[in-house]
Amino acid sequence: MLLRTALSILPLIGSALAQAGGQYVDPDNGITFWGYTEPAHGVTYGYIFPPLSANSNEFIGEIVAPIATKWAGVSPGGAMVNNLLLVAWPNGNSIVRSARYATDYVQPTAMTGPVLTDLPSTKVNSTHWKWVYRCQNCVSWTTSSGSTASIPVSGTGVPAWAWSSHGVDDPSDPESTFEEHDDFGFFGLPWSQAHVTQAQYDNWANGGTGGSSPTGTPTTTPTSPTSTPTVAATPYDYIVVGAGPGGLIAADRLSEAGKKVLLIERGGPSLGWTGGNYTAPWLAGTNFTKFDIPGLFESMFTDSNSFWWCKDITTFAGCLLGGGTAVNGALYWFPTTQDFSTAAGWPSSWNNADPYTAKLKARVPGTDDPSTDGKRYLEESFNVMTQLLTPQGYTNITINNNPNFKDHAYGYSAFSFINGRRAGPIATYYKTAVARKNTVYFDYTTVLNVVRNGSQITGVQTDNPLIGPAGFVPLNPKGRVVLAAGTFGTARILFRSGIGPSDMISLVQADPVAGPMLPPQSQWINLPVGYNVSDNPSINLVFTHPTINDYDNWADVWTDPPAADVAQYIKNQSGVLASASPRVNFWRAYSSPDGRTRWLQGTVRPGAASVTTNYPYNASQLMTITAYLSTGITSRGRIGINAGLTATILQNPWFTDPIDKQVLLQGLNDIISTVPLVPGLTMITPDNTTTLTNYVNTYPASNLNSNHWVGSCQIGAVVDENTKVKNTNNLFIIDASIIPSLPTGNPHGMLMSAAEQAVAKVLALSGGP
């Protein structure tokens, strides 16, 4: 549905937003609009207002869209809830449109008050459709709470757009329902400049044409408008791209060392104290958001308003402050010795990770009993797993007290929560970094590419004109850029900077917007960016047991959690909601036919993402064991971009070596071997209509994805032992993309230890600021 995103956009102060719009002339009607042509879909959105002195409550607008656009919409106020929403679509040779309004993130309904009049240049032809309209009673409106909201016509604003390739349910009905948009975005506009004389406005509003000249050079077609005035260039010692775990640790340690640091995040805030505001009615009176509360983890994947996932990456990736650590289950394991071994692909200078893990522990100690009252909740699955694993020779341990004990070991799940709330690098490294005067933080800003002259990086190009001239941010002499945009995001920035395989750079070269930003082909740097990626292949086994309480399978945890649990959590951050869903983790090592040792990790949680069974079962007694293969796997894949520059998987990394599948299947058989010894335990997925071997062989490839992607900028291949991109002087990478092989457990803790070590090496490397 239209603009289903929880953004309450502030004026363009402090936080930066999306592309900047400008002035253009529509050649069909001569109207001088202020607007923007969105490059991915080729849709133009424009606005023009009467003079400010008229204190008018109307404007003229237009949407010009390729015929492939099944519907498009705008929110001049920049958000969905309590804002004027305008939506239009073609129906034969006509345009159907309506004004909508929403009081929550649900299907917008007809809005009373606005009066829409189609102007004469509205049309549909074989290639495009155009809606040119007069919108009366549209500058201000009364919200559902009785307050007045308005477009800031005398200042600046960030109107939003929404686009869909799926048709509405009834094209003839202006009030038709429709599916959620396929894409959305924002652009900055100086509303105070988007005004003409009353006489000129009246001419256009009554269907007249021409008669006005823009202050810039008129265009002959509605193309991308020119940028609005921008700020002066401010150079930095270090520009850190991405506020995920790698970027937050890098920014904190660099600023701690006295460097002038710019930290850029493409998404917005997450936790309540960082400015996040995505909350629920039952949290009224608190500053908690969805991201603060550990127990809401499962709802990250079921909430229809999933604005936190990157829309231009085809797998789950967090686009908000904290990156994946703001939305994941926060399973947190201190790295093993083998995680940084030469055998795992690390240079020998990385082998002693203990000092850096110690620095991490001092900031994020981790816990396996996150509820502040010291009690454990929903622990029935732990008791079941004790009965299942003990006969197989497993030992119950406190896992992070002995990180190297990862064979036939099990224990309570450990997390990076602090005091019953999500914490990780956000509540620690970010908090201290932004408190320093030498750290500048911009969110809602996308870094498109690094700007370079051969091997020397001179700055970064962003989509935000408020951060530097035309979005460019320069480095100080000897300055450095640190990419920390994740396995997919960092690879794409490199491609757009002329670094990587030629097939990927050629796709950038063909793009009308990104292509001109590439350096000359003679300066392209051929590195294996995107190759060598790995991700844990994971398979779910679903069970029932009469003692299990699966918390209603977490179905209502966001919309209607139990009142008693809400009250308990709000009071002192204790109870069920103080923990994510996992309750048990276990590991086992397997020797393999190729002579390698492969490790299997299990994660156990009450509930199930899906159930396929012919058995009758009690839906309130579900338990899932997810078995992952980790350290030692040899399967690898490739990631890259498509013609639309969307980051995507080019070759799946799971089971490209059949030995990996063989070992995982052996591990699954071992897990279920003692099921008959646990009274009441029944495996329902897979059930008795298939074999475990057939279940694994027919498991959908997309379901194998654990979203633990590493290796696209592997150390030793793309970056050197100091994490400097090869054949560059001052470009570094500190994120999961440099990790050469999967760690023994979930990569959350190991990645943060790696970031501590990486930033120490960057600071120690001579030649910097």
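## Crossing of H2 and H5

A crossing of two helices is left-handed if the near helix is turned anticlockwise from the far one by less than a right angle, and right-handed if clockwise. In this predicted model, the crossing of helix H2 with helix H5 is left-handed. H2 covers residues 245-256 and H5 covers residues 426-434; the two pack with their axes 8 Å apart, at an angle of about 40°. H2 and H5 are therefore oblique to each other.

On the H2 side, the contact is made by Leu248, Ile249, Ala251, Asp252, Arg253 and Ser255. On the H5 side, Ile426, Tyr429, Tyr430, Thr432 and Ala433 take part. Sorted by class, the residues of this contact between H2 and H5 are 7 nonpolar, 2 polar and 2 charged.

## Crossing of H2 and H11

Helix H2 also packs with helix H11. Their axes come within 9 Å and cross at roughly 40°. That angle makes H2 oblique to H11. The crossing of H2 with H11 is right-handed.

From H2, the residues in this contact are Pro245, Gly246, Ile249, Ala250, Arg253 and Leu254. They meet Leu751, Met752, Ala755, Glu756, Val759 and Leu763 of H11. The contact of H2 with H11 is made up of 9 nonpolar residues, 1 polar residue and 2 charged residues. Ile249 and Arg253 of H2 are listed in the contact with H5 and are listed again in the contact with H11.

## Crossing of H3 and H11

Helix H11, residues 747-764, packs with helix H3, residues 354-363, as well. The angle between H3 and H11 is about 115°, and their axes are 8 Å apart. H3 and H11 are therefore roughly perpendicular to each other. H3 passes H11 in a right-handed crossing.

In H3, the contact residues are Tyr356, Thr357, Lys359 and Leu360. Their partners in H11 are Gly749, Met752, Ser753, Glu756, Gln757 and Ala760. This contact of H3 with H11 holds 4 nonpolar, 4 polar and 2 charged residues.

## Domains and annotation

The domain assignment divides the chain into domain 1, domain 2 and domain 3. Domain 1 is given as residues 22-206. Domain 2 is made of the segments 234-367, 415-532, 635-651 and 706-768, while domain 3 is made of 369-413, 538-632 and 655-703. Taken over C-alpha atoms, the centres of domain 1 and domain 3 are separated by 49 Å.

An unreviewed UniProt entry lists residues 318-341 as "domain: Glucose-methanol-choline oxidoreductase N-terminal". The span 318-341 is 0% helix and 0% strand, and its end C-alpha atoms lie 29 Å apart.

## Backbone details in two loops

The peptide bond from Thr685 to Pro686 is cis, with omega near 0°. Pro686 is located in the loop between strand S31 (682-685) and helix H10 (692-697).

Asn553 is not a glycine, yet Asn553 has a positive phi of about 55°. The loop that holds Asn553 runs between strand S25 (538-544) and helix H8 (563-572).

Notes: Residues are numbered from 1 along each chain as its sequence is written. This is a predicted model: local features need pLDDT of at least 70, side-chain atom pairs count only at pLDDT 80 or more; totals for chains, interfaces and linings use all residues. Side-chain values use heavy atoms; hydrogens and water are left out. Axes are lines fitted to C-alpha atoms, for helices over the stretch in contact, and angles run from 0 to 180 degrees between N-to-C directions. Helices (H or I, at least four residues) and strands (E, at least two) are DSSP runs, numbered from the N terminus. Angles under 35 degrees count as roughly parallel, over 145 as roughly antiparallel, 65 to 115 as roughly perpendicular and the rest as oblique. Contact means heavy atoms within 4.5 Å. Ala, Val, Leu, Ile, Met, Phe, Trp, Tyr, Cys and Pro count as nonpolar, Asp, Glu, Lys and Arg as charged, and the others, Gly among them, as polar. UniProt positions are given in the numbering used here, feature names are shortened, and annotations may be inferred rather than shown by experiment. Domain bounds come from an automatic or database domain assignment.
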